[in-house]
Amino acid sequence: MKHRIVVLGAGYAGAFAAGNLARRLSPADTEITVVNAVPDFVERMRLHQLAIGQDLAFRMLADVFAGTGVRLRLARVTGVDPERRTVAVTGEDGDGELAYDTLLYALGSSVAHHGVPGVAEYAFDVTGRASALRLRERLAGLGEGGTVLVVGEGLTGIETATEFAESRSDLSVALAARGELGAWLSPKARRHLRRAFDRLGITVHEHTGIEAVEPTRAIAAGGRSIPADVTVWSAGFAVHPIAAASGLEVAETGQIVVDRTMRSVSHPDVYAAGDCAYAIGENGRPLPMSCASAGYTNMQATAAIIARLTGSEVPTTGLKYHGNHISLGQRDAIFQMVDGDVRSKSWYLGGRTAAWLKSGVLKGAGWSIAHPTFGMPKRKRRLATASDRPGVKVAA
């Protein structure tokens, strides 16, 4: 019987991992299935562009995995039973169940409401294609002078506010930041960021925590009202509670606690990658939820799965966060390097060159997903016998 590998989620981490597994493992021994709720690959890093009205080309997953041997199951994951090694799903074909021998959990994250009243009912977000399209429709209906408030001074908030202001100069765009705008950047990069906001006419409400969202305004601490025909919530991410409900060991964030090889510390047949993995980086701190982290963790997870199944030594990939690359519209960006303690270095790159590099990163990520088995070896690795797999060592 073939070894059944099930990958949950076909985002940046899941889609790339599935292709990597198919590229390196023999189909004579393995059966790889990807479960995803939608039929196309969603470039999450570009959803703010979709929301403001830009036309993006989406790749159909059926085309992505055509000829790779990867099976695609279009369904939504409703539960995981790690004791029985099954996954419950629901889709157009109704409810079902998938059995696995190895599970790679890569369901990603969604917007975190933080319990703020009115966010679920009245705010919009850009963490999923459906929510971005809902925001797109609302923004298209705003006339000149319409007000948009972006809540959150992280990467998503900054990119969303600047993209909206550049693409729709007829709108009044504002950003609410709990602290100082760009406080985590180097002084020079911070000044670059402020110049970009001034150039684009974005109003910044610093040291402003939003305590409630209403249909036409947001309420800040102390009861101050900020007008907003549209409130875009980008104040952090949260993972789906499926992992916690399944009995897998999770952190307070709900992320699956994994070892250095992205293997669940409570269930050795389960691996996690991307935002849903509570992985400790080389600096001893949890990796942030980001596309870069998704790349590191999925490479480590797939390398560990392949090594353990083939009886090889498990290699270790780098788990170091190198920096932040922030788009400021289409023609400007900031690339900020960080040190081992994730503190911004004095050096940064800004302007059109940084924007060109960010565009290259986005295109490269999309191309990699579209060609999951590029460079496929002529000879794939066969699985070791069960007796040869226990005690596989991890490379130092």
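A: Helices and strands here are DSSP runs, a helix having at least four residues and a strand at least two, numbered from the N terminus. Keep in mind that this is a predicted model.

Start with the record. The unreviewed UniProt entry annotates residues 4–290 as "domain: FAD/NAD(P)-binding".

Now the division into domains. Domain 1 takes in residues 3–110 and 237–321. Domain 2 takes in 113–235 and 322–373.

Next, the interface itself. On one side, 36 residues of domain 1 make contact; on the other, 35 residues of domain 2 do. The size of an interface is often expressed as the accessible area lost when the parts come together. For domain 1 and domain 2, the buried area is about 3,100 Å². Carbon and sulfur atoms account for 63% of it. Three residues stand out: His48, Ile52 and Tyr321 supply 24% of what domain 1 buries against domain 2, more than any other three residues.

Polar links come next. Six residue pairs are in polar contact between the two domains, counting pairs with both residues at pLDDT 80 or more. On domain 1, the elements that give two or more residues to the side touching domain 2 are α1 (12–24), β3 (40–41) and α2 (47–51). Helix α1 gives the most, with seven residues. By class, this side of domain 1 has 17 nonpolar, ten polar and nine charged residues.

Finally, charge. Side chains of opposite charge can pair when their charged atoms come close. Two salt bridges are counted between domain 1 and domain 2; the structure holds 18. Take Arg129 and Asp40: they form a salt bridge, with the closest N and O atoms 2.1 Å apart. Arg129 lies in helix α5 (residues 129–140) and Asp40 in strand β3, so the pair ties together parts that are 89 residues apart in sequence. Arg136 and Asp55 also meet through their side chains in a salt bridge, at 3.0 Å from N to O.

Definitions and conventions
Residues numbered from 1 in each chain as written. Predicted model: local features only at pLDDT ≥ 70, side-chain atom pairs only at ≥ 80, totals over all residues. Heavy atoms only, no water. Domains from an automatic or database assignment. Contact = heavy atoms within 4.5 Å. Buried area = accessible area lost by both parts, 1.4 Å probe. Salt bridge = Lys/Arg side-chain N within 4 Å of Asp/Glu carboxyl O. Polar contact = N/O pair within 3.5 Å; in protein donor to acceptor, adjacent residues only side chain to side chain. Nonpolar A, V, L, I, M, F, W, Y, C, P; charged D, E, K, R; others polar. UniProt positions renumbered as here; feature names shortened; annotations may be inferred.
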